Amino acid sequence: MRGGRAAGKPARPRGELARMCEGPARRKVGIVGFGQLGQYLVRRLQDEGSRHGLELAFVWNRDVQKLQGQVPASLQLPDLCGFPERGVDLVVEVAHPCIARDHGELFLSGADFMVGSPTALADQATETRLREAAQRGGHTLYVPRGALWGGEDIQRMDDRGMLQGLKVTMIKHPDSFRLEGALRERLRAAWGRRVLLYEGPVRDLCPLAPNNVNTMAAACMAAPGLGFDGVRGCLIADPGLPDWHVVEVEVTGPAGEHGDQAFTVTSSRRNPASPGAVTGAATFPSFWSSLLACQGHGGHVRLC
Ligand SMILES: NC(=O)c1ccc[n+]([C@@H]2O[C@H](COP(=O)([O-])OP(=O)(O)OC[C@H]3O[C@@H](n4cnc5c(N)ncnc54)[C@H](O)[C@@H]3O)[C@@H](O)[C@H]2O)c1
């Protein structure tokens, strides 16, 4: 008997044999943005992606020069519209909220999409378009939890209709803010003093601090019953916090039988951050864990 094949057993098709030799197919990942987070994720994918069944399929950056010498030419994607030709399973955006607004729908037509800048979803039209695109294409819109603690618990309360209030407070050193419009002026006027920059619905805050309140946006997506209009955000600049970002989450549920005591959970997270850094240190491994959780969950929106 040649080749060790049992008599009477049909030969395996060549494709199947090849797949068995190669092991299970790897999930192909495209990274959009090559700043701090993008470089970190690319490095981890290159170093240990295969161990997790992942393969780096492309990297895109607005300024292509930044990729030279860092990313093999074959993995550089010159134009985002060329994304379908790379046949990826997952696109990870770590660039700017405008990417989800302008290209999110295209990504979701052919792949799962992890939106690293979920402040983009504070624009109602963008959120609606991406939710519909996920449903239509059967691909998942993933929202990384970032520095949000207890996201799944919030989601479960929201699912059961028990979530009555959600407030996220973020406190950072003034150098860690990248603000727009009125908030930038308020910060400048109060320079050197602790100041409450904003308190109100997260929807109005996102365009004014798009790089600083992604965690609040993740909370809004975890609690669609409240959404961007119902979840409250509070942003504080504190010069006494040179190397920490503080994120406090206050959850309120139903009152007890006698109506006097409401269910509440409050968490406080202190995330070490280099002086002036927009992104805290713990956010990098948090993003990697989020990416690993993007295994394809059908046409849904999912916290990861
Ligand atoms: N979800 C979270 O908790 C969380 C945490 C940190 C950062 N972020 C977001 O992730 C993104 C990347 O963060 P980072 O720390 O790597 O930032 P970074 O500034 O280090 O890198 C951003 C990259 O995107 C590119 N870019 C900037 N503006 C762009 C635009 N308008 N169009 C296309 N590309 C643009 C830059 O060239 C750069 O390569 C930011 O949007 C940031 O707000 C989210």
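View 1. Five of the six residues of strand S8 (residues 232-237) are buried, so S8 is largely enclosed by the rest of the structure; buried means under 20% relative accessible area, exposed over 50% and partly exposed in between, with a 1.4 Å probe and protein chains only. Strands (E, at least two residues) and helices (H or I, at least four) are DSSP runs, numbered from the N terminus. The model is a predicted one, in which local features need pLDDT of at least 70 and side-chain atom pairs count only at pLDDT 80 or more, while totals for chains, interfaces and linings use all residues. Residues are numbered from 1 along each chain as its sequence is written, and side-chain values use heavy atoms, with hydrogens and water left out. Strand S6 (residues 165-172) pairs with S8 in the parallel sense over six bridges, and Val-168 stands opposite Gly-233 in S8. Strand S7 (residues 195-201) pairs with S8 in the antiparallel sense, also over six bridges, with Val-195 opposite Ala-237 and Leu-196 having Ile-236 as its bridge partner. Two strands are taken to pair if DSSP finds at least two bridges between them.

**View 2. The five-stranded sheet that contains S8.** This open sheet has the strand order S7-S8-S6-S9-S10, and its pairing is mixed. S7 and strand S10 (262-272) stand at the edges, each with a single partner strand, so one side of each is left without a neighbour in the sheet. From one strand to the next the twist averages 10°. Helix H6 (residues 181-189) lies across S7 and S8 and runs at about 155° to S7; axes are lines fitted to C-alpha atoms, for helices over the stretch in contact, and angles run from 0 to 180 degrees between N-to-C directions.

**View 3. The six-stranded sheet.** Six strands form an open sheet in the order S2-S1-S3-S4-S5-S11, with parallel pairing. Its edge strands are S2 (54-60) and S11 (301-303), each of which pairs on one side only. The twist in this sheet averages 25° from one strand to the next. Strand S4 (residues 112-115) and strand S5 (residues 141-143) run parallel and are joined by two bridges, and Met-114 stands opposite Tyr-142 in S5.

**View 4. Packing of helices H3 and H4.** Helix H3 (residues 97-110) and helix H4 (residues 124-137) pack at an angle of about 10°, and their axes are 8 Å apart. H3 and H4 are therefore roughly parallel to each other, a description given to angles under 35 degrees, whereas those over 145 count as roughly antiparallel, those from 65 to 115 as roughly perpendicular and the rest as oblique. On the H3 side the contact is made by Ala-100, Arg-101, Gly-104, Glu-105 and Leu-108, and on the H4 side by Thr-126, Arg-129, Leu-130, Ala-133, Ala-134, Arg-136 and Gly-137; contact means heavy atoms within 4.5 Å.

**View 5. The largest nonpolar core and helix H8.** Among the 62 residues of the largest nonpolar core, those that touch the most other members are Phe-113, Ile-154, Leu-166, Leu-197, Phe-228 and Leu-235; such a core is a set of buried Ala, Val, Leu, Ile, Met, Phe, Trp, Tyr and Cys residues joined through side-chain atoms within 4.5 Å. Helix H8 (residues 214-222) gives the most to this core, with seven residues. Domain 1 (23-147 + 285-303) and domain 2 (151-279) both give residues to the core, so it lies between them; the domain bounds come from an automatic or database domain assignment. Nine of the nine residues of H8 are buried, so this helix is largely enclosed by the rest of the structure.

View 6. Leaving aside neighbours within four places in sequence, Leu-166 is in contact with Ile-154, Ala-219, Ala-223, Leu-226, Gly-230, Val-231, Arg-232, Val-249, Glu-250 and Val-251. A second, separate core of 25 residues includes Val-29, Leu-75, Leu-90 and Trp-288.

**View 7. The two domains in the whole chain.** The C-alpha centres of domain 1 and domain 2 lie 25 Å apart, and the contact takes 18 residues from domain 1 and 17 residues from domain 2. The protein chain holds ten helices and eleven strands, and its C-alpha trace spans about 80 × 55 × 35 Å along its principal axes. Of its 304 residues, 48% count as buried.
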